Amino acid sequence: MATPVSTTQQQLGLLFDAVAAADKAIARCFAVRAEAVDRARRFSAAQAGSIPLSLQSRWSREEIAQRELSSELAATLRIPERTAETLLAESQALTEDLPATRAALAEGRISYRHAQTIVQQSWSIPVEGLAAFEQALLPSAEHLTVAKLKHKARLLRERLHPETITARRARSITDRTSGVTPEYDGMATLYVTTGAELVQAIFTRATDLAASLQSPDETRTLTQVRTDVLSDLLIHGVTPTGVGTGVKATVQVTVPVLTLLGHSEEPGYLEGYGPIDPDTARDLASRAPSFTRLLTHPETGVILSVGRDRYKTPKAMRRFLRLRDETCRFPGCNRPARGAELDHSHDWGLLGETAHDNLAHLCTLCRYRHKGHYSDVRIMPMLRVGPLWLLASEW
């Protein structure tokens with residue numbers, strides 16, 4: 001029997017329908033703007049040959065046309081010239097290289113931010129691979145948040161990229177950097193850009209230390225404590241209470257067996273980040289104190305369900321699900337799965353099973369939302385198949 005819908009819920013539903021309609025209209029306008037911007041680019045390029053050049057000119061006619069176009073667009077839209085240059089590139093990509101993405105934008109099925117994510121992740125993919133990239137990613141753009149779409153796009157991009165991740169890592173690591181950005185109200189941001197495994201280890205260690213310092217009397221949030229822990233460790237080496245001495249960071253890395261044995265160059269997978277080059281994955285494996293095999297294909301024997309036999313999820317299955325989910329599975333929530341709890345989508349008390357397709361990680365806040373207002377949590381399809389190794393690497 002269907003649950004009756006109250007008048008208040010109906011009214012709220014109509015209001016949200018209006019919000020969705022407005023959002024679709026905005027998306028359509030962005031599609032119109034992209035086409036108009038690219039028409040201006042094509043017109044400018046066609047007229048470049050008629051630009052007079054002086055003998056002292058250091059620029060070609062094409063360069064002059066491009067600079068005039070970007071500066072005029074910047075003045076028209078009251079945006080920085082660099083932003084105008086990016087808009088020109090995005091509009092060209094939507095018009096010429098990614099027609100299905102532009103069509104989805106014009107129909108209001110995706111937002112411009114979703115379209116930007118697809119465009120930006122496609123720029124380094126060869127032309128012959130763009131259609132496959134777009135076809136594989138576009139359906140997800142209609143129901144994923146921008147952050148989750150970007151994550152999925154990064155995974156897909158690694159498969160289609162013409163250059164190996166090993167070569168790109170070797171080149172990019174030379175550009176590692178750090179610095180300070182001034183902020184408002186006497187604040188500043190410290191940033192470090194280096195290898196993903198290093199950054200993930202730093203963040204994980206700080207989070208674990210912060211969690212160990214929390215108590216009923218602690219008034220700071222976990223984020224505030226983690227920030228204070230990082231400050232104390234960088235300045236003093238340990239926190240004021242001495243926490244941090246001898247503590248090692250732990251990272252979880254999934255490595256295909258053939259990559260581990262040196263017979264494949266398929267990327268490894270760093271929990272909380274994504275693909276990493278095989279050399280780094282093998283290096284982490286060589287220093288791992290222990291190995292736990294994860295078999296993610298039905299024939300390999302992984303425990304995917306215990307049905308109605310037990311409510312509690314087996315330990316091996318919990319580890320499998322944590323790597324599968326990565327984050328809280330509530331739509332739009334990106335809190336790490338390592339700090340969330342497994343919950344039955346179809347409630348155990350209503351004959352739900354303890355199975356991989358009925359379990360999802362939910363943080364405390366989203367557990368309340370899920371039980372109070374939603375009857376199902378969408379589980380993203382798994383992206384990794386075949387025999388894998390989980391490496392617990394201590395630093």
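## Confidence

The mean pLDDT of the chain is 79, and 81% of the residues score at least 70. Among the elements, helix α4 (residues 99–106) has the highest confidence, at 95, while strand β11 (residues 387–394) has the lowest, at a mean of 35.

Over residues 372–395 the pLDDT is below 50, although this stretch has 93 contacts in the model beyond near neighbours in sequence. Residues 293–302 also stay under 50, and for them the model has 21 contacts beyond four places in sequence. Where pLDDT is low, the predicted coordinates should not be read in detail.

## Overall make-up

The chain contains 14 helices and 11 strands. Of its 395 residues, 37% are buried. Counting contacts with a separation of 6 or more, 60% are between residues 24 or more positions apart.

## Packing of α1 against α3

Two packed helices are described by the angle between their axes and the distance between the axes. For helix α1 (residues 7–47) and helix α3 (residues 81–97), the angle is about 100 degrees and the axes are 8 Å apart. An angle from 65 to 115 degrees counts as roughly perpendicular, so α1 is roughly perpendicular to α3. On the α1 side the contact is made by Arg 33, Ala 34, Glu 35, Val 37, Asp 38, Arg 41 and Arg 42. Helix α3 contributes Leu 87, Leu 88, Ser 91, Gln 92, Leu 94, Thr 95 and Glu 96. By class, the residues of this contact are 5 nonpolar, 3 polar and 6 charged.

Ala 34, in helix α1, is buried, with a relative accessible area of 1%. Apart from neighbours within four places in sequence, Ala 34 is in contact with Ser 91, Leu 94 and Thr 95. Ala 34 and Thr 95 are 61 residues apart along the chain, and their C-alpha atoms are separated by 7.4 Å.

## Packing of α1 against α4

Helix α1 also packs with α4: the axes come within 7 Å and cross at roughly 135 degrees. This angle makes α1 oblique to α4. The residues in contact are Ala 27, Arg 28, Phe 30, Ala 31 and Glu 35 of α1, together with Arg 102, Leu 105 and Ala 106 of α4. They divide into 5 nonpolar and 3 charged, with no polar residue.

## The aromatic pair

The whole structure has 1 aromatic pair. Phe 30 and Tyr 112 form this pair, which is stacked, with 4.6 Å centre to centre and 10 degrees between the planes. Phe 30 lies in helix α1 and Tyr 112 in helix α5 (residues 112–122), so the pair ties together parts that are 82 residues apart in sequence.

Phe 30 is partly exposed, at a relative accessible area of 27%, whereas Tyr 112 is buried, at 7%.

## Gly 349

Gly 349 is in the loop between β8 (341–344) and β9 (354–355). With 59% relative accessibility, Gly 349 counts as exposed. The C-alpha atom of Gly 349 is separated by 9.6 Å from that of Tyr 311, a residue 38 residues apart from Gly 349 along the chain.

Definitions and conventions. Residues numbered from 1 in each chain as written. Predicted model: local features only at pLDDT ≥ 70, side-chain atom pairs only at ≥ 80, totals over all residues. Heavy atoms only, no water. pLDDT = per-residue confidence, 0-100. Helix = DSSP H or I, 4+ residues; strand = E, 2+ residues; numbered from the N terminus. Contact = heavy atoms within 4.5 Å. Axes fitted to C-alpha atoms, helices over the stretch in contact; angles between N-to-C directions. Parallel < 35°, antiparallel > 145°, perpendicular 65-115°, else oblique. Nonpolar A, V, L, I, M, F, W, Y, C, P; charged D, E, K, R; others polar. Phe/Tyr/Trp six-rings, centres within 6.5 Å; stacked < 30°, edge-to-face > 60°. Buried < 20%, exposed > 50% of the residue type's maximum accessible area, 1.4 Å probe, protein only.
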